[in-house]
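Here is a model to look at together, with a run of questions about the words used to describe it. Each reply sets a value beside the definition and then draws the conclusion.

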Number of protein chains: 2
Amino acid sequence: MSTVHAYAAEKAKAPLGPFDISRRTPGPNDVQIDILYCGVCHSDIHQVRDEWGGAIFPMVPGHEIVGRITAVGDQVKNFKVGELAGVGCFVDSCRECAPCKSGEEQFCQNGMVGTYNGRDKEGQPTYGGYSTQIVVDEKYTLHVSEKLDLKGVAPLLCAGITTYSPLRHWKVGKGSKVAIVGLGGLGHMGVKFAASFGAEVTVLSTSAGKEEDAKKLGAHKFIVTKDPEQMKAAQGSFDFILNTISAQHDYNAYLTLLNVNGTMVVVGVPPEPSLVAAFSLIGGRKSLAGSLIGGIRETQEMLDYCADHNIVSEIEMIDIDKINESYERMMKNDVRYRFVIDIASLKK
Amino acid sequence: MSTVHAYAAEKAKAPLGPFDISRRTPGPNDVQIDILYCGVCHSDIHQVRDEWGGAIFPMVPGHEIVGRITAVGDQVKNFKVGELAGVGCFVDSCRECAPCKSGEEQFCQNGMVGTYNGRDKEGQPTYGGYSTQIVVDEKYTLHVSEKLDLKGVAPLLCAGITTYSPLRHWKVGKGSKVAIVGLGGLGHMGVKFAASFGAEVTVLSTSAGKEEDAKKLGAHKFIVTKDPEQMKAAQGSFDFILNTISAQHDYNAYLTLLNVNGTMVVVGVPPEPSLVAAFSLIGGRKSLAGSLIGGIRETQEMLDYCADHNIVSEIEMIDIDKINESYERMMKNDVRYRFVIDIASLKK
């Protein structure tokens, strides 16, 4: 066991502050990682505020983790001390159910073990990446290339895979007409991936001011969703919509933008259920689907793709003592496009 | 032009009564059909009562039409006088848009011409199958086998294709675990098709009394949706759900019954939008989709499949003067499983 510095919320809605946690001594299959950067995901806020229920406190958030390996267990085959590594949204799963066996551990029927706000197989609470070190089974550890700017890699572990996976699953590529709804942490990665896969990409945003950024990120077109004329002109024009909005909104308005046989995938979770009119789906054999991060195999595939295509997240670096302020700014969409904590600031 | 007997509603919510209409003299590409039977679809009620808006009165409903050909235009290639023929939900479309060209005329971008409550290319109102004769372009006319009981064929033109098409589109077959929600005119056809395709079929119904019928129709299992224990036990167990309910209901309760990557297709249209929680879709990459009848090519494929596999609708025959009473019984789900009008009763 080792004691490591972290930042935790002691109870729901409490601000985060310094907190020491214990990490286990690496077991035979474990990788010990000295954390360098950790991305700040909107779901960190939801969980710290117990908005999804069942939160475990004290809570150390953070599931967009990159760092350097400082120790490995004697059975570890795929990782070496000194290499870069990443950890995403989960650190274990049952390994025996159909989804686990097919490499989609995010859908583990017995419940994946969240990187934080979860309980491991011994029933102990898990602590995330707002900390200086983490110990993870190598099966749930990712390889990270030395080629990329490491700060921008951290958000790939959640924002990256959350957008990469549905674009791949629904076979977005050359010839696809794709809309990305919402240009935040998820949306900006969706634009980068969809453009990289060869699709024609349109960003839909409430903020007219984001058009220039959208195009820099690779979008070909931009629609201000508050403009009824632009929305009307876009009816029936997309094969695929990646909807990253987590605020309450009208799904039907976006479903009308789909072409026949089109699919809208939601990856954001509005606080309340949304209304869906059957006619919105029936009139064009349309689908409204959901997608949740990705399995370990696909997350590795995504990281490798990013290394090959020089894709990272656009980030704003913060020291750990700015985390509470960052949450407030995220609530106002005031970040372009992901806060990443410099974990060096936690080691001081 | 010929004058033919029909039954019409003169205004929204008015009872249907005798009414004479004109049918055009067959043009070079037209088929003239002496109507023998016409099924009574729930959407007849919606439209007669103008519940979907924009209804055209007087209205002669009916889009599950079978009869015998009495004349053909001189350019007609695929139909002969004396043959059986069928007409479904539409009698024309633009023929030029992408959906029309791909044989999915039901999604015509310029609007298919409904068999009734529509306007043809000359702007004239269309009249449906509650009449003794209809004249239709051969491209929108279906071949009907002499092998089947013709009364049970009529409902295939809407209830049949509405359930056949999504089961085919989502590749339901051997190894599929399928739920059919609602055992009415659509649902009972869904059971027959899904079982015929080799799927394991479970019927979900509010009416415990329908279990015996469900199993006679081919279902392997039966769940009473009002029983929370049965619903809980079925969580995550279906690959595909065909939801035929047109009353208001909670989609989320059914989405939890889907396995990872499962799809629920709605073919019923509840009067108001339904609530959908993003978590219901995200936690298992699930899809909520819609499907609308089928194109002419697929409708013919369905009719041929039925002839080859001896599939027809379960029907209750009525004379035309019982139509208003039948609507009332349908509103109480008191029909097993489709009313079919004996059009001979209109010729008297």
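Q: Why is A:Gly114 called buried?
A: A:Gly114 has a relative accessible area of 16%, and buried means under 20%, exposed over 50% and partly exposed in between, with a 1.4 Å probe and protein chains only. The value falls under that limit, so A:Gly114 counts as buried. This is a predicted model, in which local features need pLDDT of at least 70, side-chain atom pairs count only at pLDDT 80 or more, and totals for chains, interfaces and linings use all residues. Residues are numbered from 1 along each chain as its sequence is written, chains are lettered from A and ligands numbered from 1 in the order written, and side-chain values use heavy atoms, with hydrogens and water left out.

Q: What makes A:Gly114 part of a strand, and which residues is A:Gly114 in contact with?
A: A:Gly114 sits in strand S7, residues 113–114 of chain A. Helices (H or I, at least four residues) and strands (E, at least two) are DSSP runs, numbered from the N terminus. Contact means heavy atoms within 4.5 Å; leaving aside neighbours within four places in sequence, A:Gly114 has contacts with A:Cys89, A:Phe90, A:Val91 and A:Thr126. As for A:Gly173, 59 residues apart from A:Gly114 along the chain, the two C-alpha atoms are separated by 31 Å.

Q: Why is B:Thr263 called buried, and what is B:Thr263 in contact with?
A: The relative accessible area of B:Thr263 is 7%, so this residue is buried. B:Thr263 belongs to strand S14 (residues 258–266) of chain B. Apart from neighbours within four places in sequence, its contacts are B:Trp170, B:Asp239, B:Phe240, B:Ile241, B:Leu258, B:Ser287 and B:Ala289.

Q: What makes helix H4 of chain A mostly covered?
A: In H4 (residues 159–169), 9 of the 11 residues are buried. Among them are A:Ala159, A:Ile161, A:Tyr164 and A:Leu167. The buried residues of H4(A) pack against strand S10 (177–181), helix H5 (185–196), strand S13 (238–243), strand S14 (258–266) and helix H10 (296–309) of chain A. Just after H4(A), A:Lys171 has a positive phi of about 55°.

Q: Why is A:Asp50 called partly exposed, while A:Asn333 is called exposed?
A: A:Asp50 has a relative accessible area of 28%, so it is partly exposed. A:Asn333 comes to 59%, so this residue is exposed. A:Asp50 is in the loop between helix H1 (42–48) and strand S4 (65–72) of chain A, and A:Asn333 is in the loop between H11 and S18 of chain A.

Q: What makes the phi of A:Asp50 and of A:Asn333 worth a remark?
A: Most residues other than glycine have a negative phi, and most peptide bonds are trans. Phi of A:Asp50 is near 55°, a positive value, and phi of A:Asn333 is likewise positive, near 55°.

Q: Which peptide bonds are cis, and what is omega there?
A: From A:Arg336 to A:Tyr337 the bond is cis, with omega near -10°. In chain B, a cis bond joins B:Arg336 and B:Tyr337, with omega about -5°. A:Tyr337 lies in the loop between helix H11 (323–331) and strand S18 (339–342) of chain A, and B:Tyr337 in the loop between helix H11 (323–331) and strand S18 (338–342) of chain B.

Q: How do you know that the radius of gyration of chain A agrees with a compact globule?
A: For 348 residues such a globule would have a radius near 20 Å, and chain A has 20 Å, so the two agree. The radius is taken over C-alpha atoms, and the globule rule is 2.2 Å times the number of residues to the power 0.38. Of the 348 residues of chain A, 60% count as buried.
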